[in-house]
Amino acid sequence: MNMNANILRHPAAVGPTPELKPGPGAGVIGSRNDFPILQETIGGKPLVYLDNAATTQKPQCVLAAEVAYYSHTNANVHRGVHTLSQRATDDYEAARGKIQRFINAASHKEIIFVRGATEAINLVAQSFARPRLAPGDEILISAMEHHSNIVPWQMVCAQTGAILRVVSINDSGEFEFDSYARLLGPRTRLVAVTHLSNALGSIVPVERVIELAHGRGVPVLVDGAQAISHIGVDVRALDCDFYAFSGHKIYAPTGIGALYGKAALLGAMPPYQGGGDMIRSVTFEKTEYNELPYKFEAGTPNIAGAIGLGTALDYVSAIGITAIAAHERDLLEYATGLAAGIAGLTIVGTAREKASILSFTLDGIHPHDIGTILDHEGVAIRAGHHCAMPVMQRFGIAGTARASFALYNTRAEVDALIAALAKVEEIFRR
Amino acid sequence: MSDLRELYQEVIFDHYKTPRNCHVLDCANHQADGYNPLCGDQVTVYLKVENGVIEDLSFKGTGCAISTASASLMTEALKGKKIAEVEHLFEDFHQMVTAPDTTPHPELGKLEALAGVREFPARVKCATLAWHTLQAALKNQKKQISTE
């Protein structure tokens, strides 16, 4: 494993791509060499990957962990008496332990492996919320949720007659606490909010959100899909009831993620799906469900993915989420300063508390055109509504261009973004 | 840069910045809405068809340079055309923006300005949104059509 415990490497030690060395005063965390894909060129230009909010790249150690699993361990978990099955089970459960420690959960029983944050939220919607909801009950979300923290609640509302209420955001893209306090009412049965907005970069004060909800006996789900790789998450300090995240946004493979839930809540919930591994005994008359967390893991899981996720969390922990956050804050501030100097550029999402995301529009230039021209310069960004169409409607726009940062990005890459934006201007304003 | 210049030709910018026939057509007897959920682009195409001929057509919507210019160029190209010809033109147009070969398509006239799209597969749907919507309008399809 090419893991580096040094928090900040000397710039000279950074990757062989000279254009991407960090500028003075800007450290690169970990090493760009840890991420093989960063050596790619796009149309002859070095890849500048700034679409990390969509998915992050994977370090060599994660790739190696998957290959090693399939080369030396592959077998089904929790089933066989043979050596490989035992080894696979040990590695899979060790990965669960790594997630537990990473988010400081009280027990491994509180960590459910899922496909990603989307499945985690659907699980809570169907297994936790649905049986408890009566017509007229309310679920409270915010106006800056990703579709994955909107649609599962709309579905459960349609199934039960419950009502979805939406906390407003202000013109900076900040969660309006007054609106929240007003909407949190006697019929509110659950609050589901993002920790970090994928479209705006706003950080939601989830500690305060949870405190107020708990004061009224209302449980809270936090959608941590974006936050997990940028903000230290301590589920016990937050006292959240559920926390959902995807592995692929924190340097792990796609198709694996985790749901944290308080054991008391998970224990009282019916299973989400039926199948193998989630049962204790089955007869045609009666099935007894397995204990936590297996009750929620029907079928053969994504074993290699889970092991890859555990490895990715080791990698992040070795660098330190605090150091990563500081590095990304530097990049975001640097990029924000330069972007603000571009005529016709409007930053969408200017919350005081932000992380890692720079969403913007250019007057008279559609985000897709920006995306195409940037791609031609090797700069990968996201263009569109970012699966958060209500956010776009809130700001009266069809979409934005979004640059999002990860631990391996550099100030030189921000410079490449700004230079590519100048190219957009050159082409469109001629 | 050559690919980009090919994509963002002068005529594309002209039609993006000053789209032709970009208004509601009051006398329309066919119309349909098109939507590209990937980017949020929306277009409504209005047609006045008499005796199998498109007597007039227009569009309204929001979109990128490629989709707006494509809609604008389409309305110019199809005014006065027979319905039967429209199908052939769309086939040729679709081939031009998707086929790897660079065979000229003189029959497409000004629509050839969109040939550069073939180098940008992610943008083919931008170029064809108005055309798909036009087809829906001809069939009087009520449901919004989608590129996905």
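Two residues are in contact if their C-beta atoms, placed from the backbone, lie within 7 Å. Helices (H or I, at least four residues) and strands (E, at least two) are DSSP runs, numbered from the N terminus. Axes are lines fitted to C-alpha atoms, for helices over the stretch in contact, and angles between N-to-C directions run from 0 to 180 degrees.

The model is predicted: local features need pLDDT of at least 70, side-chain atom pairs count only at pLDDT 80 or more, and totals for chains, interfaces and linings use all residues. Residues are numbered from 1 along each chain as its sequence is written, and chains are lettered from A and ligands numbered from 1 in the order in which they are written.

**The sheet of chain A**

Chain A holds an open sheet of seven strands with mixed pairing, in the order β6-β12-β11-β10-β9-β7-β8. Two strands pair if DSSP finds at least two bridges between them. At the edges stand β6 (111-114) and β8 (163-167) of chain A, each of which pairs on one side only. From one strand to the next the twist averages 20°.

Strand β7 (residues 138-142) of chain A runs parallel to β8(A), and five bridges join the two. One bridge partner in β8(A) is A:Arg165, which faces A:Leu140 in that pairing. Helix α4 (residues 151-160) of chain A lies across β7, β8 and β9 (188-194) of chain A and runs at about 145° to β8(A).

**Two domains in chain A**

Domain bounds come from an automatic or database domain assignment. For chain A this gives domain 1 (8-50 + 320-428) and domain 2 (63-317). Their centres, taken over C-alpha atoms, are separated by 29 Å. The contact takes 22 residues from domain 1 of chain A and 21 residues from domain 2 of chain A. On the domain 1 side, α10 (321-340), β16 (357-362) and α12 (389-394) of chain A each supply at least two residues. The largest share of that side, five residues, comes from α10(A).

**Chain A against chain B**

Between the chains, 13 residues of chain A are in contact with 13 residues of chain B. On the chain A side, α11 (367-376) and β18 (382-384) of chain A each supply at least two residues, and α11(A) gives the most, with five residues.

**A helix pair in chain B**

Helix α2 (residues 10-17) and helix α3 (residues 65-78) of chain B pack at an angle of about 85°, with their axes 8 Å apart. α2(B) and α3(B) are therefore roughly perpendicular to each other (under 35 degrees counts as roughly parallel, over 145 as roughly antiparallel, 65 to 115 as roughly perpendicular and the rest as oblique). Residues of α2(B) in this contact include B:Phe13 and B:Tyr16, and those of α3(B) include B:Ile66 and B:Leu73.

**Residue classes**

Ala, Val, Leu, Ile, Met, Phe, Trp, Tyr, Cys and Pro count as nonpolar, Asp, Glu, Lys and Arg as charged, and the others, Gly among them, as polar.

| Contact | Residues by class |
|---|---|
| Side of domain 1 of chain A that touches domain 2 of chain A | twelve nonpolar, six polar, four charged residues |
| Side of chain A that touches chain B | five nonpolar, seven polar, one charged residues |
| α2(B) with α3(B) | seven nonpolar, three polar, no charged residues |

**A:Ala75**

A:Ala75 is placed in the loop between α1 (60-72) and α2 (83-102) of chain A. A:Ala75 counts as partly exposed because it has 16 C-beta neighbours inside 10 Å (20 or more other C-beta atoms within 10 Å make a residue buried, 12 or fewer exposed, and numbers in between partly exposed). Not counting residues up to four places away in sequence, A:Ala75 touches A:Gly80, A:His82, A:Leu84, A:Ser85 and A:Ala88.
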